[in-house]
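Q: I have a model open here and would like to go through it with you. Could we take it piece by piece?

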Amino acid sequence: MGRVGAIILAAGKSTRMKSRFPKVIHQVGGRAMLDHVLRAASEALGTEDGAASEAGDTEDHSPRFVVIVGHEREKVRAALATSPLVESATFIEQEPQLGTGDAVRHARAAWMDADAQPDTILVLYGDTPLVRAETLRALLVKHQRTGATLTFLTGIATDPTGYGRVLRDARGRVAGIVEQKHATPEELRIAEVNSGIYCFQRAWLWPHLERLELHPNGEYYLTDLVDVAVREGQPVSTATASLEETMGVNDRVQLADAERILRERIVRDVMHSGVTVQDPATTYIEAGVRIGQDTVVRPGTHLRGATVIGERCEIGPNSVIADSVIGDECLVLSSWLDHAEMESGARVGPMSRLRAGARLKRGAYVGNFGEVKNSTIGENVDMHHFSYIGDTNIGSGTNVGAGVITMNYDGKQKHHTEIGEHVFLGCDTLLRAPVTIGDGASTGGGAVVTRDVPPGKLAVGMPARTVRKVKSAHSPDSGKRDENELDENERDENETKTAQKHAEFGQTD
Ligand code: UD1
Ligand code: MG
């Protein structure tokens with residue numbers, strides 16, 4: 001087979017989609033359809049087509065993936081920006097778009113160097129997102145084994161509406177492909193359809209593309225090449241795959257069908273890998289997600305993007321997790337996570353939100369109605385109820401009382417809050433950033449902390465004042481007055497007393 005190059009067609013106008021966006025960038029399973037096709041082709045071709053070694057080169061400069069773009073080409077490129085394969089693709093413009101035959105003809109420009117020509121060309125359509133790499137590999141193998149000039153993939157449809165029908169002679173040999181709009185009533189009843197995935201011998205393909213005839217609707221059909229090859233007596237072969245894999249997406253109904261099929265496929269793969277999915281019908285897992293063994297995914301859960309989840313976790317019900325990394329034995333109960341990280345044994349929810357840069361260290365617990373953004377919540381921190389923590393670092397073993405808020409934004413800039421280890425923040429403490437709470441310090445209920453609190457000290461009131469050392473079972477001089485601090489506070493004794501009363505309510509579990 002020698003060197004293989006792939007051409008993916010993505011220039012069409014998407015008329016039936018009725019969209020302002022090109023059809024091939026509409027997503028299924030969280031990825032652009034074109035991205036799925038590109039990944040399947042890349043996986044199928046691998047690095048082992050022998051091209052470089054046969055040529056005796058260490059580097060092969062022949063383009064491997066050529067994407068034909070036209071209608072809204074910038075949007076197509078932008079949609080692939082996050083795909084790992086965008087760098088290995090060569091984009092060629094087709095303007096105007098005169099059909100699938102014309103689109104493939106444009107790809108030739110990518111291989112003008114006579115020494116860098118592929119021997120076999122795989123053609124795929126960008127609106128066929130469900131095709132698997134192993135099916136493409138099987139097609140390539142069949143093409144090679146039969147020595148055919150052209151091998152294409154067919155599907156058997158219960159409803160073949162819209163597809164090109166595969167015509168066969170009395171002996172079952174391929175006779176051609178007839179498009180739906182040109183088919184006779186008898187031909188319309190044929191269940192075997194063209195998937196739009198073909199292997200060609202390159203040396204035959206290029207000259208024959210030039211000879212395609214224009215149809216009255218202003219298009220050159222790639223499918224006409226099957227007819228041409230048969231008439232020339234060239235060997236033509238086919239491989240067949242389920243239509244669930246080769247379906248083309250031309251409108252929103254087919255888009256939803258593809259979404260459902262891919263979702264079911266991914267959830268099945270996830271279950272086969274050792275994950276319990278309690279209700280597959282209400283579980284949405286995107287293609288790039290990884291989940292460890294014995295994790296349980298409960299109903300109503302959406303796992304998106306590059307999310308990685310460890311082993312023995314409990315996720316859901318009703319959790320939405322995007323691009324996040326979760327360790328082993330974590331609990332995510334009815335919560336939203338986006339670009340967040342949870343180390344092993346961390347728990348969140350119900351009804352909490354971990355935003356970008358939120359990091360829960362081992363054993364940390366963010367309970368109900370909490371929000372964390374760009375902050376590290378230290379090991380075994382307890383933050384059970386109603387808090388907002390932003391641009392903050394919390395040390396291990398700290399207790400965050402109900403309703404603690406970091407005021408990280410002054411209207412112009414974000415500021416950092418540093419909270420030490422084993423701190424006890426009373427309920428409703430407001431921390432005006434930038435501010436630092438030292439290790440082992442405490443705040444009273446309702447304290448408005450505008451100045452740093454030294455390690456081991458209790459600060460109370462509004463604004464909070466440091467009143468004494470923290471009473472602690474581990475501190476030998478617990479409860480002793482700190483003369484330096486008191487000098488300041490005695491200037492307003494009444495206010496301090498009121499604040500201390502508040503401190504009585506500053507405890508939480
Ligand atoms: C095509 C096939 C049909 C097959 C079906 C499988 C032809 C003539 N028909 O029909 O036999 O059963 O796919 O899904 O090939 N494109 C371009 N440039 C163009 C026109 C189209 O790049 O000028 C691209 C589109 O973006 C799309 C792909 O080619 O990704 C296929 O075009 P589409 O219009 O969807 O063809 P179908 O009518 O589905
Ligand atoms: Mg189509």
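Q: In which sense do strand β7 and β10 pair, and over how many bridges?

A: Strand β7 (residues 150–156) pairs with β10 in the antiparallel sense, over 6 bridges. Strands here are DSSP runs of E of at least two residues, helices are runs of H or I of at least four residues, and both are numbered from the N terminus; two strands pair if DSSP finds at least two bridges between them. Within this pair, Ile156 stands opposite Glu192 in β10.

Q: Before we go on, what sort of model is this, and how is the numbering done?

A: This is a predicted model, in which local features need pLDDT of at least 70 and side-chain atom pairs count only at pLDDT 80 or more, while totals for chains, interfaces and linings use all residues. Residues are numbered from 1 along each chain as its sequence is written, chains are lettered from A and ligands numbered from 1 in the order in which they are written, and side-chain values use heavy atoms, with hydrogens and water left out.

Q: Back to β10: how does β6 pair with it?

A: β6 and β10 pair in the antiparallel sense over 4 bridges, and the bridge partner of Leu122 in β10 is Cys199.

Q: Why is β10 described as largely enclosed?

A: Because 9 of the 10 residues of strand β10 (residues 192–201) are buried, the strand is largely enclosed by the rest of the structure. Buried means under 20% relative accessible area, exposed means over 50%, and partly exposed is in between, with a 1.4 Å probe and protein chains only.

Q: What coordinates the magnesium ion?

A: The magnesium ion (ligand 2) is coordinated by Asp127 (OD) and Asn250 (OD1), at 2.1 to 2.3 Å. Asp127 lies in the loop between β6 (120–125) and α5 (133–146) and Asn250 in the loop between α9 (243–246) and α10 (252–272), so the pair ties together parts that are 123 residues apart in sequence. Donors are N, O and S atoms within 2.8 Å of the metal (3.2 Å for Na, K and Ca), and sites may look incomplete because water is not among the atoms.

Q: Are those two residues buried or exposed?

A: Asp127 is buried, with a relative accessible area of 12%, and Asn250 is buried as well, at 15%.

Q: And which residues are closest to ligand 1?

A: Gln94, Gly99, Tyr125, Glu179 and Asn194 are the closest of the 25 residues that surround ligand 1, where a residue counts as near if one of its heavy atoms lies within 4 Å. A polar side-chain atom of Thr100 lies 2.8 Å from an oxygen atom of ligand 1, and an oxygen atom of the ligand is 3.0 Å from a polar backbone atom of Leu9. Taken alone, ligand 1 exposes 760 Å², and the protein buries 90% of that; these areas come from the Shrake-Rupley method with a 1.4 Å probe, and for residues only the protein chains shown count as cover.

Q: What about the parallel sheet, in what order do its strands run?

A: The order is β14-β17-β20-β23-β26-β29-β32-β35-β38, 9 strands that form an open sheet with parallel pairing. β14 (290–291) and β38 (435–437) stand at the edges, each with a single partner strand, so one side of each is left without a neighbour in the sheet.

Q: How many bridges join β17 and β20?

A: Strand β17 (residues 308–309) and strand β20 (residues 325–326) pair in the parallel sense over 2 bridges, and Val325 in β20 is the bridge partner of Val308.

Conventions
A polar contact is a pair of N or O atoms within 3.5 Å; within protein, one must be able to donate a hydrogen and the other to accept it, and residues adjacent in sequence count only if both atoms are side-chain atoms.
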